[in-house]
Every structure is written in C-alpha cells, then in structure tokens.
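Hi,

Here is the structure I said I would pass on. Have a look at it first, and then read my notes below.

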Amino acid sequence: MSLAAVDTKRKLPDLDRVPRVDEVGVNERVARFQSRSIKKESKLAALRMVLSMIDLTTLEGQDTPGKVRQLCQKAMHLHDSVPGLPHVAAVCVYPTMVGVARKALEGRGIHIASVATAFPSGQAPLSVKLEDTRMAVEQGADEIDMVISRGAFLAGDCAFVFDEIAAIKEACGDAHLKVILETGELGTLDRVRRASVLAMHAGADFIKTSTGKIQPAATMQVTLVMLQAIRDYFYDTGRMVGMKPAGGISSAKLAIHYLVMLHETVGNAWMTPEWFRFGASSLANDVLMQIVKQQTGVYQSADYFSKD
Amino acid sequence: MATPENKLAFDGGWEYSPAPESTDHIKVAKKYELFIGGDFVAPASGKYFDTINPATEERLSRVALASDADVDKAVKAARKAYNGAWSKMKPADRGKYIYRIARIIQERAREFAAIESLDGGKPIREARDVDVPLAAAHFFYYAGWADKLEYAFPGRRARSMGVAGQIIPWNFPLLMAAWKLAPALACGNTVVLKPAETTPLTAMKLAEAIADAGLPEGVVNIVTGAGDTGAAIVSHPGVDKIAFTGSTEVGRIIQKALAGSNKKYTLELGGKAANIIFADAAIDQAVEGIVNGIFFNQGHVCCAGSRLFVQESVAEEVIQKLKDRMETLIVGDPLDKNTDIGAINSKAQLEKIESYLDIGKQEGGEIHQSSCAVPASGYWCRPTIFTGVSQSNRVVQEEIFGPVLAIQTFRTFDEAVSKANNTPYGLSGGVWTDKGAKIFRMTQSVRAGVIWANTFNKFDPTSPFGGYKESGVGREGGLHGLDAYLVLEA
C-alpha cells in the first residue's frame with residue numbers, strides 16, 4: 001500500500017489501527033541498547049556525530065540578545081583547541097531572538113531553530129500560533145519547533161490537533177517543522193505512538209519529544225516508540241521523518257545509547273543531523289570532555305571547557 | 001512490503017568496534033579429572049577427550065573419560081555420603097552448604113561466564129546476564145527449602161530418595177547443573193552428575209566451587225564423558241533416581257532402560273514451541289519476542305519459540321519487521337560483549353542444522369537469512385526464517401535446535417490453537433495479544449508446560465518447568481521441582 005497520496009492530501013489516519021505498545025517490552029529493548037559496549041573508534045565516531053546533531057538551546061524567560069550571541073559563539077567554536085570538530089546542527093531560541101541569532105550565525109552553516117506556537121504550553125488561539133510561526137520564519141528561522149495542543153489530544157479531539165499541525169506546516173513555508181508531542185504530558189506510550197503517527201501524517205518534518213519544561217522530558221523509551229512510528233511511516237510512504245529527543249540528555253554516554261537505538265531501529269540513513277537531533281543545553285561539554293579523553297587518555301577539568 | 005523506496009539500511013555506516021571480554025582472569029587447566037568422593041581423580045581407563053572452543057575450533061582442555069568402573073566408583077561414593085553425613089545432617093545445615101555454593105558462583109561469576117562462552121559458544125552477554133545469575137538464583141532458592149520441606153507438602157512426610165544420577169545437556173551447561181543439583185541437594189540426596197561431552201568445563205569449575213564450599217565428600221560427584229558414561233549411570237543399580245535433560249530420542253532410550261526398575265525419573269526433552277501473534281498484539285514488542293524466542297542461545301533452547309504463528313492481517317508487517325530486526329543481530333565472536341548470536345555448539349549440531357536448511361528448501365519453503373558475514377573458522381549459522389511452510393513440513397514438525405524459525409499464518413483463534421497443539425511436543429508456548437481474556441483462553445487451550453504471555457524465554461527458579469507429551473515427564477523448578485527428589489509418605 002502506498003500512502004504517498006494520502007501524505008500530500010494530509011488526511012488524518014485511523015489512529016485505532018496504530019500498533020499497541022507494551023511498556024515492559026519497550027523497557028527490555030531499551031535495556032539491550034544500553035548494554036551495547038561502544039569503545040575505541042566507534043566511540044570517537046559517535047561522539048563527533050553527537051556534536052554535529054546538537055540543537056544548542058536556550059529557552060529561558062531571562063534570555064537576552066547578549067545571552068543568545070554567547071550561545072551562537074559557542075555553537076561556532078565548540079572547543080577550538082581540538083581542531084576539526086564538527087559544529088552543532090542548530091541553535092534553538094525563542095522567536096524574538098531569531099534575528100539576533102541570524103546575524104550572529106550568518107553564513108556559518110548552522111541552522112536557526114525557533115520554538116513557536118505559544119511555546120511551551122501551546123495555549124493560544126490558532127491565529128496567534130500562526131502569527132508566531134510566520135514571525136519566526138520572517139526573522140530567518142530555518143526550523144520551527146511547534147507544540148501540539150495536548151489538552152485537545154488527551155480529550156480525544158485528534159482532528160483539531162491534526163488540522164492545527166497542518167496549518168502551522170503551511171505557515172512554515174520552506175522552514176522545516178518539528179512537532180513537539182510533550183510526551184511527559186501524554187501519560188502512556190500508546191498515546192505517544194498515536195500522537196507520532198498523527199503528527200507525521202499532518203506534515204511534520206521532525207517529531208520531537210519535549211519542550212524541556214515538563215518532566216519527564218526525553219527518555220529512551222518514548223524515543224524508541226517514536227522511532228518505531230517513524231520507521232512504520234517510512235515503510236508505508238517512503239518519506240523520512242526526523243527525530244529529536246529533547247531535554248534530560250546531558251551525558252555523552254546516554255547520547256551514545258540513543259545513537260545505538262537509532263542505528264538498530266531505523267538504520268544508517270537517519271544517522272545524520274538532517275534526520276536526528278539532540279535538543280540539549282549542557283550535552284556538548286560532556287561530549288567534548290570525552291573526545292579529549294579519547295585523544296589524550298586523561299580527563300580534563302570542566303574548567304577547560306567554555307560554559308557558553 | 002519492502003521496496004527500494006522504503007528499505008532500511010543497517011550496514012555500511014557506523015559500526016561497533018570489537019569489545020571483547022577479557023579472559024585474563026580465568027583459569028582453565030590443561031586437563032580435568034573426575035570429581036569423585038571429594039577428590040579429583042584420574043579415570044580408570046586413563047583416557048581423556050578434547051573439549052574445544054566452537055568459535056575457533058581450538059582445544060581448550062582435555063577432560064577425563066569416565067568408564068563403567070568410574071561411574072561405579074562415583075555411585076558408591078555418593079551412596080557412602082548419603083548413608084553417612086548428608087542424610088543425617090540437620091536440614092538447616094544442608095541449606096547452609098547450598099547457600100555457600102550460590103555465593104561462590106556469584107563471586108566467580110565473571111569466570112564462569114567467560115568459560116561458559118568459550119566452551120559452549122554462547123554470547124558472553126547471555127552467559128553473564130542469564131546463565132550465571134540464574135544458576136546462582138537456583139541454588140539460593142532451593143537452599144531456602146532445605147529446612148522447610150515439611151511445609152512444602154503439608155500433611156505428608158517428605159523423605160529423600162538416595163542417590164540421584166543426573167545427565168545434563170550442552171545448551172546451558174552451568175544452569176542445567178544448577179537446576180539439577182540444587183533441588184536434589186536441598187532434599188537431602190547425593191548426586192552423580194554428568195555434563196555434556198562438548199561443554200564439561202563449567203561443571204568442572206562448579207566441582208571446584210563445591211570442593212571450596214566444603215561439602216562433605218561424595219555428596220556431589222561429577223563424571224565426564226559421552227553417551228556411554230550416561231548409560232552407565234542410568235543402568236547402575238545403586239542409583240535411585242534419574243534426572244535427564246536432552247533430546248527426546250535419548251529420553252526414549254533412558255525410559256526403556258529404566259522400565260522394570262524401581263528407579264524414579266524425570267525427563268526434560270525436546271520441544272517445538274508455538275509462538276502465537278495476534279493482530280491486536282503490540283507488534284514491535286512481539287517482534288522482539290520472536291527474536292528472543294528463536295535466536296536466544298543460537299536457538300539451542302528446548303523451549304525455543306521455533307514455530308511462529310502470525311495472524312494473517314499482520315503477517316506481512318511482522319515478517320518485514322522481523323527481517324529488518326535480523327539485520328541488526330550481531331553474529332560472531334561469543335566473547336564480544338556486543339555479540340547477539342554466538343557459535344553453534346558443535347560441528348555435529350551445525351551439520352544437523354544445515355541438513356534442516358536443505359530439507360526446508362527441498363520441501364519448498366522460502367528461506368531468508370540475515371546478510372551478515374560470519375567468521376571463517378568455527379561453527380556458525382546465520383539467523384534464518386522459513387516462510388511458505390505448513391504443518392506437514394519437516395522444519396515445522398521436527399526440533400532443529402538452531403536459529404531457524406518456521407513461520408505460518410492463521411486466521412482464527414481456534415485455528416491457532418489447533419496448529420499449536422498439532423505436534424508431538426508440549427514444552428512451551430507464547431501468546432501475544434493486547435486482550436487479557438485471549439491470553440487466558442490461550443493458556444487453557446495450548447497443551448504446553450510453560451506459556452508465556454507477551455514475553456518469551458523468561459525463567460525463574462520459583463516457576464515450574466517441564467513438558468507435556470513427548471517433551472518429558474515431571475517438573476523442575478519451584479515447589480514442583482522438590483517433588484521430583486522426594487519420596488512423599490502419608
């Protein structure tokens with residue numbers, strides 16, 4: 001069956017046909033990923049890949065243009081004492097900061113991602129969300145991270161959520177759309193799976209776990225369920241959708257476990273910043289520390305790594 | 001359906017570097033003697049046989065070949081120990097010795113795991129995470145029963161049997177030794193145990209542990225050898241009970257040999273388990289269950305889920321996902337911590353498996369194997385599935401004991417049950433559905449000793465294990481496992 005036609009028409013699929021998820025089985029599978037032993041060259045390659053997949057993020061009420069410029073500086077100069085490091089995939093900021101980031105990152109090949117749609121709650125009318133999105137795109141955002149209306153989704157109004165995503169997708173124009181499910185508010189893995197399917201059919205280029213404002217944020221369990229949904233959607237339509245776990249991934253070791261999961265669930269095609277991102281603010285330095293350790297054999301003090 | 005447009009790729013990109021478990025900490029002697037009467041003694045014949053590493057075909061050690069005379073000596077040592085200290089010992093003290101064995105296994109877990117992997121070919125991950133911890137758990141569990149037997153069977157007096165002859169297979173060498181020894185000892189019996197000829201090393205390491213635990217001499221005797229040694233144990237008049245785990249073929253021979261004697265026996269034999277996946281199952285977790293059911297321990301598992309039944313409406317999806325999952329299974333060096341599927345246990349077993357691959361193809365089955373490379377030396381079989389087969393195919397009917405899965409589809413509940421039961425075996429089964437009621441109906445309808453729901457190949461010392469029909473007689477594990485080593489009197 002080819003759903004490619006359905007995809008262009010953006011039709012809400014029958015969510016009752018989405019496979020069920022068994023939490024015990026998911027936990028077991030995740031434990032297997034975590035028991036993989038990633039050493040030597042494979043570890044170094046993974047660490048570099050992690051760096052290149054980071055959406056370096058600041059989403060605070062207290063953000064200022066100065067803070068965002070610092071973040072952009074860090075994005076371009078992760079750790080210059082190690083030559084040849086990749087740069088991060090994107091910086092992720094609020095819409096009001098997109099212009100600042102655009103100016104700071106001009107021509108550096110680092111994408112600008114902006115949250116939009118009344119992030120993080122999503123509690124605003126569609127017209128406001130659309131305006132929020134258009135404004136971020138106009139300011140120069142390459143990627144829009146929207147939040148779904150969890151209230152409507154939990155109340156069973158999937159059509160509302162679907163239409164909203166489809167409308168935001170239109171408003172994005174050429175910008176990529178990442179759809180944040182806020183899995184910490186969805187309650188069950190079954191709902192995570194359904195929300196993933198809904199978002200992809202509505203036009204998501206990426207699906208993303210969390211805003212980072214709600215606990216739990218990204219976990220390997222929800223990321224696995226979302227990756228399996230991505231894989232099934234690819235089986236059905238041939239269209240790749242990206243994945244972004246966000247929030248709570250702050251150690252290199254955990255990030256490598258995510259790559260193992262990615263590798264063994266959807267395969268090599270997804271193992272690039274084009275299709276997989278880590279939404280994180282403090283992951284980069286732990287990865288840098290591990291890279292230096294791999295190269296020199298010793299751990300350096302955290303004070304040798306610039307905070308932002 | 002997989003097409004060029006929606007095909008996943010798992011090779012050619014990021015790969016895991018080798019992560020071999022260190023073997024610096026293990027001690028394997030050049031030669032192993034028999035463990036009889038608390039001493040390590042040379043075999044009467046002076047003969048030894050090689051035990052090899054199936055992943056490299058290199059010799060690991062030489063092991064004593066026990067003849068009738070050695071078995072006789074071992075049985076006499078066991079009888080002496082039974083009549084002497086062991087049967088008169090306070091049950092709580094018996095329990096202490098068994099606890100001590102359990103703790104020594106835990107302390108030496110890394111060594112046991114590495115040797116199990118070297119000698120048998122199983123992945124270190126499984127030896128480390130399954131075989132060794134479960135072996136310790138069995139000793140812990142039955143140690144606790146030693147002084148509580150009167151509560152296990154209320155209203156009846158439990159008496160030990162005497163000398164138990166125990167013959168164990170090569171698929172879980174240490175774990176099967178634990179399954180057999182722990183309840184026998186807890187119930188106050190003494191033992192003559194024979195490990196399989198291809199995997200004797202962890203049993204000999206266990207003999208060292210038992211000696212270190214200070215068990216009275218002769219309580220546990222371990223004799224190594226092949227079928228003749230086993231036959232000598234079975235036919236020895238001084239043995240009161242035979243416990244055997246192995247093939248149905250050998251089980252029949254043993255049952256014939258025991259006919260007319262008053263020896264008690266338990267037989268844990270072959271299987272051809274049905275793993276049944278309904279359309280309403282959690283499909284991705286069910287695919288993991290299929291993998292765990294048939295590829296765990298290279299499929300050298302008597303309760304392996306070797307017959308897959310998938311409800312027709314999800315069959316295509318399940319098979320596509322299974323094929324992709326098979327591509328991610330790592331086949332190779334058993335000592336590598338990332339290896340999922342290790343070496344086939346022996347050349348003979350590999351030949352048997354390969355003959356079934358030929359039979360399956362000749363009978364018209366469609367074979368699919370993962371595309372992975374396998375090492376040049378050693379015994380290897382890629383994970384394999386057969387589709388387009390039915391109940392009349394030999395790969396569906398016969399136990400292959402390898403990583404080979406036969407897949408059929410079904411439409412209705414009754415059809416699934418009827419096909420699942422249409423086998424001479426009845427050891428285990430699996431059912432995958434989101435509906436609790438269906439699980440209960442299935443467990444009541446499938447004639448098998450163990451049925452897993454939404455999981456597969458889970459073991460626990462508290463849970464009885466054993467077969468219906470040609471899968472065996474008696475139960476091991478749990479309370480039921482005590483029954484097999486006791487005479488119950490009114």
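What is the mean pLDDT of chain B, and what share of its residues reach 70 or more? The mean is 97, and 100% of the residues in chain B get to 70 or more. Keep in mind that this is a predicted model. For the model as a whole, the scores are ipTM 0.95 and pTM 0.96.

Let's start with chain A. It is built with 12 helices and 8 strands. A compact globule of 308 residues would have a radius of gyration near 19 Å, and chain A has 19 Å, so the two agree. Of those 308 residues, 53% count as buried.

Now zoom in on helix 9 of chain A, which covers residues 189-201. How far apart should the ends of this helix be? At 1.5 Å a residue, its 13 residues should span 18 Å, and the end C-alpha atoms are 19 Å apart, which agrees. Is helix 9 of chain A enclosed or open? Since 12 of its 13 residues are buried, it is largely enclosed by the rest of the structure. The buried residues include L189(A), V192(A), V197(A), L198(A) and M200(A), but also R191(A), R193(A), R194(A) and H201(A). What do the buried residues pack against? Their partners in chain A are helix 2 (23-34), helix 7 (150-154), helix 8 (158-172), helix 10 (220-237), strand 5 (176-180) and strand 6 (206-208). After helix 9 of chain A comes G203(A), with a positive phi near 120 degrees.

On to chain B, which has 16 helices and 20 strands. Its C-alpha trace spans about 75 × 50 × 35 Å along the principal axes. The same kind of check works here: with 490 residues, a compact globule would have a radius of gyration near 23 Å, and chain B has 23 Å, which agrees. Buried residues make up 56% of chain B. Among its contacts between residues at least 6 apart in sequence, 73% join residues at least 24 apart.

Three of its strands form an open sheet with mixed pairing, in the order 1-5-4. Which strands stand at the edges? They are strand 1 (31-32) and strand 4 (48-53) of chain B; each has a single partner strand, so one side of each is left without a neighbour in the sheet. Strand 1 of chain B pairs with strand 5 (residues 58-64) of chain B in the parallel sense, over 2 bridges. Look for K31(B), which sits opposite R62(B) in strand 5 of chain B.

Last, the place where the chains meet. How many residues does each chain bring to the contact? Chain A brings 30 residues and chain B brings 25. On the chain B side, helix 10 (residues 283-295) of chain B gives the most, with 4 residues. Sorted by class, that side of chain B has 8 nonpolar, 9 polar and 8 charged residues.

Cheers

Key. Residues are numbered from 1 along each chain as its sequence is written. Chains are lettered from A and ligands numbered from 1 in the order in which they are written. This is a predicted model: local features need pLDDT of at least 70, side-chain atom pairs count only at pLDDT 80 or more; totals for chains, interfaces and linings use all residues. Two residues are in contact if their C-beta atoms, placed from the backbone, lie within 7 Å. Ala, Val, Leu, Ile, Met, Phe, Trp, Tyr, Cys and Pro count as nonpolar, Asp, Glu, Lys and Arg as charged, and the others, Gly among them, as polar. Two strands pair if DSSP finds at least two bridges between them. pLDDT is the predictor's confidence in each residue, from 0 to 100. The expected span of a helix is 1.5 Å times one less than its number of residues. A residue is buried if 20 or more other C-beta atoms lie within 10 Å of its own, exposed if 12 or fewer, and partly exposed in between; C-beta atoms are placed from the backbone. The radius of gyration is taken over C-alpha atoms; the globule rule is 2.2 Å times the number of residues to the power 0.38.
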